[in-house]
Amino acid sequence: LRPKNNSLRAPHRAFGLLPSLARGLAAVPPVLVAGGLLLGAVPDVAAAPDPIPPQAVTTTAACPAGPGFNPRANPRLNRACAEVAAYLEALNRAAVRLGQRSDVALGLPAADERAALAVGLYTPVLRPAGAGRVEVTLAPRPDENARIAAMLRRPEFLDLCQRLLRDGADLLAAVRAPDPAARGGAWYRAPASPPTDTSASPQTDADLEIKDRLTEQLEAVFIALSALQPGAEDWYARPDALQNLERTAAALPRSAAILLLLAEARLQHDLPQQSITACTAALRLAPELNRARYVRALAHWRLQQLALAEDDLSASLAGWHGRAPQGRERAQRLQARGAVRQLRRDPAGMCADFLAACALGDCRGLAAARTQGQCLAASAMPRTGVDGAAAAGEGVAARQPIQPPDPAAQDDAAAPAAPTTPPSTTNGAAPLPDKP
């Protein structure tokens, strides 16, 4: 007997669906999944074009100084203060626009995180706006979608930008602070003058010294931000910014972010011992700054202090002091520690690190080791430790194969001149990672 409602021919009638909705569902190819019927596949959100095009952000701001501050008596301080204030305000506006993107909103829910992302997406252009004000225009860099995707995989770079922006906000708060004379301090003294006297009040030498120091600190924040390499895959600091970073570190000696940038610049100029000093100072201020341990490990490696290099790499891989690195950042450290362990004649540890790095998508070290007949046995599986379990994987051939350890030449093995240049392997040294 044929059903009266003909539900087999009109499923929308049997399930109470509208004809238009039933036709839409019928157009979706069904997929059989584990005993059920899944209508369609999950759409690729990342591949969909973002509806919000990049656009320039322009804002104007003045120095948010507290009472007793005379901009005409302190033009340099007023200009530096207005520049930082306008730049932070422009980044906050850009963060609002970036928050409308689904990928950014999910990856960076906090407004200060999105402002740090904007540092790498825009180029600031500053110009005076009159009356002590400064206009900042954030010009979008090309390939915004690709830059966002790359920077979302670099949380350590975003953390560094956040720290620099916090340094600038703290300095603005110091400028906005009321006259400390009322609470016992004395960073600025404003002598009394008749109400009709509009001339600048005389300042003592101590006042001028404090204002000069505050001006240098505000300028140091901008110099440090301009020393960043947002699109670079290896170093966060530009190599040509060493002299500027030396001055900024002297102006802001308690900024862990500036000290880390200084350490990177020093190591790029083949100053490993000075780089270690800067990294150690940064870690005293911010023990959770794991990238400082990684840079210090590379400096120890450059000095052939392999035990210290391995200790720093192990500490940077662990979550003892904060967030443990993930993804590409973790693979970099595993590759570096595997090479150091190869120099220290620890084949089990080397294979464990190379296998763990390969599980994260970087199989260069494992491929190089296997071309030399290493890491082939089933027993060469990752050891339990900070790198966890990882599956073995095959990768493309490394740019330079790892030679077997040579005991006669081990003492003469030299670290490479720069982390981006693999060393010669004729002396038994393993190549330093192509990128730190």
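1. Among contacts (heavy atoms within 4.5 Å) in the chain between residues at least 6 apart in sequence, 65% join residues at least 24 apart.

2. This is a predicted model, in which local features need pLDDT of at least 70 and side-chain atom pairs count only at pLDDT 80 or more, while totals for chains, interfaces and linings use all residues. Residues are numbered from 1 along each chain as its sequence is written, and side-chain values use heavy atoms, with hydrogens and water left out.

3. The chain holds 16 helices and 5 strands; these are DSSP runs numbered from the N terminus, with helices being H or I of at least four residues and strands E of at least two. Of its 436 residues, 46% count as buried, that is, under 20% relative accessible area with a 1.4 Å probe, protein chains only.

4. An open sheet is formed by 3 strands in the order β3-β5-β4, with antiparallel pairing; two strands pair if DSSP finds at least two bridges between them. Because β3 (57-62) and β4 (122-130) stand at the edges with a single partner strand each, one side of each is left without a neighbour in the sheet.

5. β4 and β5 (residues 133-140) run antiparallel and are joined by 8 bridges. Within this pair, Leu126 stands opposite Val136 in β5.

6. Helix α3 (residues 75-98) packs on the sheet and touches β3, β4 and β5; its direction makes about 145 degrees with that of β3. Angles run from 0 to 180 degrees between N-to-C directions, with axes fitted to C-alpha atoms, for helices over the stretch in contact. Helix α5 (residues 111-121) also packs on the sheet, touching β4 and β5, and its direction makes about 95 degrees with that of β4.

Terms used:
Buried < 20%, exposed > 50% of the residue type's maximum accessible area, 1.4 Å probe, protein only.
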